[in-house]
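Student: I have a structure to look at. Can we go through its pockets together?

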Amino acid sequence: MRLVLLGPPGAGKGTQAELLRDALGIPHVSTGDLFRQNIGEGTELGLEAKKYMDAGDLVPSEVTVNMVRSRLAEPDAVNGFILDGFPRTTDQADSLEKILAEEQQTLNAVVSLEVDEDVVVKRMLARGRADDTEDVIRNRMQVYLAETAPLIAYYGDRIRTVDAIGDIDEVHQRILRAVSA
Ligand code: ADP
């Protein structure tokens, strides 16, 4: 199963991706986590990404796409993956189509997690990650609306909409139903 999770920052993509990984036995590929891992290890990629992440801006697509391409080439992702945080722009979505086409693959489903803005801002402030200050959150929401929300139209009838308000396991069950339908 090749799956993309879409949704605004704080929608619970990371939490749901972990549950899906366990339920479906395919890796969770989070670009945010990959960047944070690189920052932790002090790699050149991490140093580059940090400048953008601290401001809540998108890391340049070239850096991001190459990182995703090599992650998806690892053996554990051959039979499927859950992408979380990528694609984040229609250009990245085009790049993803190309990466998959090179391996004669396509996406099986694109899940859109729906939440309202008040809920996600509260969740993120409670989470307290380095880029979860009010100004940075506000910028990430702007970037989401301008750059990422257009992916819903881009994927069109490939989108499965899931109500992401409710308890974690309830939302998980909704996603499983949405992807198996
Ligand atoms: P959230 O979904 O809560 O915003 P993420 O961990 O997915 O958190 O992303 C954190 C930051 O990492 C983003 O604000 C951005 O700077 C960077 N980032 C993650 N994925 C991408 C991507 N696909 N393209 C560009 N930047 C990205």
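Student: By class, how many nonpolar, polar and charged residues are in the lining of the largest pocket?

Tutor: Keep in mind that this is a predicted model. The lining of the largest pocket holds 44 residues. Sort them by class, and the counts are 16 nonpolar, 16 polar and twelve charged.

Student: What volume does the second largest pocket have?

Tutor: First find its lining, which includes R69, L72, F81, I99 and Q105. Then take the space inside that second largest pocket. Its volume is about 180 Å³.

Student: Which element gives the most to the lining of the second largest pocket?

Tutor: Two helices to check are α4 (61-72) and α5 (90-102), and each supplies at least two residues. The top contribution is three residues. It comes from α5.

Student: By class, how many residues of the lining of the second largest pocket are nonpolar, polar and charged?

Tutor: Look along the lining, where A73, A77, V78, L100, E102 and E103 are among the residues. Sorted by class, the lining has seven nonpolar, one polar and three charged residues.

How values were computed:
Residues numbered from 1 in each chain as written. Predicted model: local features only at pLDDT ≥ 70, side-chain atom pairs only at ≥ 80, totals over all residues. Heavy atoms only, no water. 1 Å grid on protein atoms, 1.4 Å probe; cavity = no way out; pocket = protein on both sides within 12 Å on 5 of 7 lines; lining within 4 Å. Nonpolar A, V, L, I, M, F, W, Y, C, P; charged D, E, K, R; others polar. Points joined across faces, edges and corners; volume = space filled by probe spheres on them. Helix = DSSP H or I, 4+ residues; strand = E, 2+ residues; numbered from the N terminus.
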